[in-house]
Amino acid sequence: MISDAKVTADIRTDFYDRSLTSRRYAIVGVACSSIFSCLCIVSGIVILAKHGSNGVAVANMVNLGTQPQSVTQGVSQVELHWEILSLALNLIVTLCTESTGFVHSISLRSALASESRLRFNTNLRLLTAARGWYNPNGALLNGVSAVLLIISYSSASIVICTDLQLLQAQEYEGIAIAGLPLLGLGVALLLQVMIALSGIRAVRILTWSSSPFDLTAAMVHHTQLTPAPFRCMHRVCDLDTDEGPVKPPETQPSAWHAHPSIRKVIISLWVIVVACAGWAALVMYLWNPLFSLRPLTLQTWSLLPNGSNYIWYNTPGVLEGYILLLVTMAVVQGPLTLGLHCSELITNAIGDERQWRCATGRKGLKTATNPFKMIFTHPICLVLFVAKPILHWMFGLSFITSPTVVNGQILTLTAFMYTAQIWNLCIALCIFACFFTFVALRRPRGPQPAAYGHVQTLANLVDEWSPVMWWGHKEDGTPYCHAGTSDHPLPDVKMDCVYAGSGAGLLEPVS
């Protein structure tokens, strides 16, 4: 039997890009994450040693009697600076977790490939595990990584606070940094770095490239994947069928139908939207004038909290209060963190398919990719990259943990839940879920079989490997034609012909 992948698939797959540039980027990102986490740990220890567990480090003080009110409906300049710093901190945390997450996903991908369990180029990193409980990419440490990721964002939400001081019979307010949550943020980020580095030490990395074609070529070259014959027109959703020769379809399946995990992610996003709406409704139900005198109306609605329609509660003690608040925020913020993490699956799968469909374009398909270029040139990647820190920041506006700090000492810890800001978060999540639902349900047009980064499908469709490839009609045959790839442009496939692949003349004609 003649293989559909031809001899060239065996002798030319060694060209694949090992992407040492991506490796350097990843190492620099992990190094920066390590430095930032160590700075957080050292700063947290210094604050705790100097001011005690109840102390904070005050950055600047402003006279409340002389500072102007901002245009955001009575929000003070200090509070505005507080929110800007919180957004910046969430952005830094996102950059750190994305850097370590990239390294962790590369090692997980190679571990699954070595176990012959890798199906797609992109996987749910924290919900997919290699064999072995003590494996750095196993279920145990993946679960720990998920908890650390949630703690990172939860800690970032309570690091920055305000300090009120009475100096010379005048009230002053300033931005303060709490030592205990800063220490927790640094430890959570550093542990994620350690897990990611242990992952790349425990497995042989086939390629650092995020391209599904470099990964597929590497797996074929290392005999971890074998192209199946006579399936040059079969899509990813046709893998479980025994059909042989087929005619080219006019449309392709959507990511929703092609990737089972994407359906779960979309459903999870809408569950988070409904849960957020239920949270807002519960706060509105529990609200009474004892919490805040101003009811929620269109006139009092704002992006930033302005003292209207909220509920609050105090926590016992400072250390116990921080632990209680961190656990509460992790439980509430955890679904949002994991939902945004799982959305990476949709983004990357759509990106892999977008790259594959370039093979019928004028410039062809370039197998090598630049991870930074993909983020800033692929709209879906850019949307997710921007949405992560903004949605976490909006959550921080909805659930504010405000230590009562007087003269540099924390007296009590108070948690506020603002109705308008929870509804703002719910609306933003709804828009986010609508966007990703639309993207996942969109069906590509044209006869080119959809793969969505499925490595076995790509191995079946690509029969000649080169740095730049085109896909199309290659050979006429009786009774079957052959479609495949080449290093030069190919004519379009013939919609009225039946395709099976090279050597398909040995098959029985379709009745």
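**Entry 1: the H2/H5 crossing**

I began with how H2 passes H5, and the crossing is left-handed. This is a predicted model, so I read every entry here as a look at a prediction. H2 covers residues 20-51 and H5 covers residues 179-202. I then looked up how the two helices pack: the angle is about 150°, and the axes are 7 Å apart. Angles over 145 degrees count as roughly antiparallel, and H2 and H5 are therefore roughly antiparallel to each other.

I turned to Arg-131, which forms a salt bridge with Glu-115; their closest N and O atoms are 3.8 Å apart. I checked where the partners sit, and both Arg-131 and Glu-115 are in the loop between helix H3 (77-114) and helix H4 (139-159). They lie 16 residues apart, and the pair links distant parts of the chain.

Glu-115 has 19%, and because buried means under 20%, I put Glu-115 down as buried.

**Entry 2: Arg-357 with Glu-353**

Next I looked at Arg-357 and Glu-353, whose side chains meet in a salt bridge at 2.6 Å, N to O. I found both Arg-357 and Glu-353 buried.

**Entry 3: Asp-463 with Lys-474**

I moved on to Asp-463 and Lys-474, where the N to O distance in the salt bridge is 3.2 Å. Asp-463 has a relative accessible area of 0%, so I have it as buried. Lys-474 comes to 22% and therefore counts as partly exposed.

I also looked for salt bridges that share partners, and found that they join Glu-98, Glu-344 and Lys-388 into one network.

**Entry 4: a nonpolar patch**

Which residues make the nonpolar patch of about 430 Å²? I listed Leu-319, Ile-323, Val-327, Val-331 and Val-332. I followed up on Leu-319, which is found in helix H9 (residues 319-356). Leu-319 has 46% relative accessibility, so I noted this residue as partly exposed.

Methods:
Residues are numbered from 1 along each chain as its sequence is written. This is a predicted model: local features need pLDDT of at least 70, side-chain atom pairs count only at pLDDT 80 or more; totals for chains, interfaces and linings use all residues. Side-chain values use heavy atoms; hydrogens and water are left out. Patches are made of residues with over 30% relative accessible area and no salt bridge: like charges are joined within 9 Å, nonpolar side chains (Val, Leu, Ile, Met, Phe, Trp, Tyr) within 5 Å. Accessible areas come from the Shrake-Rupley method with a 1.4 Å probe; for residues, only the protein chains shown count as cover. A salt bridge is a side-chain nitrogen of Lys or Arg within 4 Å of a carboxyl oxygen of Asp or Glu. Helices (H or I, at least four residues) and strands (E, at least two) are DSSP runs, numbered from the N terminus. Buried means under 20% relative accessible area, exposed over 50%, partly exposed in between (1.4 Å probe, protein chains only). Axes are lines fitted to C-alpha atoms, for helices over the stretch in contact, and angles run from 0 to 180 degrees between N-to-C directions. Angles under 35 degrees count as roughly parallel, over 145 as roughly antiparallel, 65 to 115 as roughly perpendicular and the rest as oblique. A crossing is left-handed if the near helix is turned anticlockwise from the far one by less than a right angle, and right-handed if clockwise.
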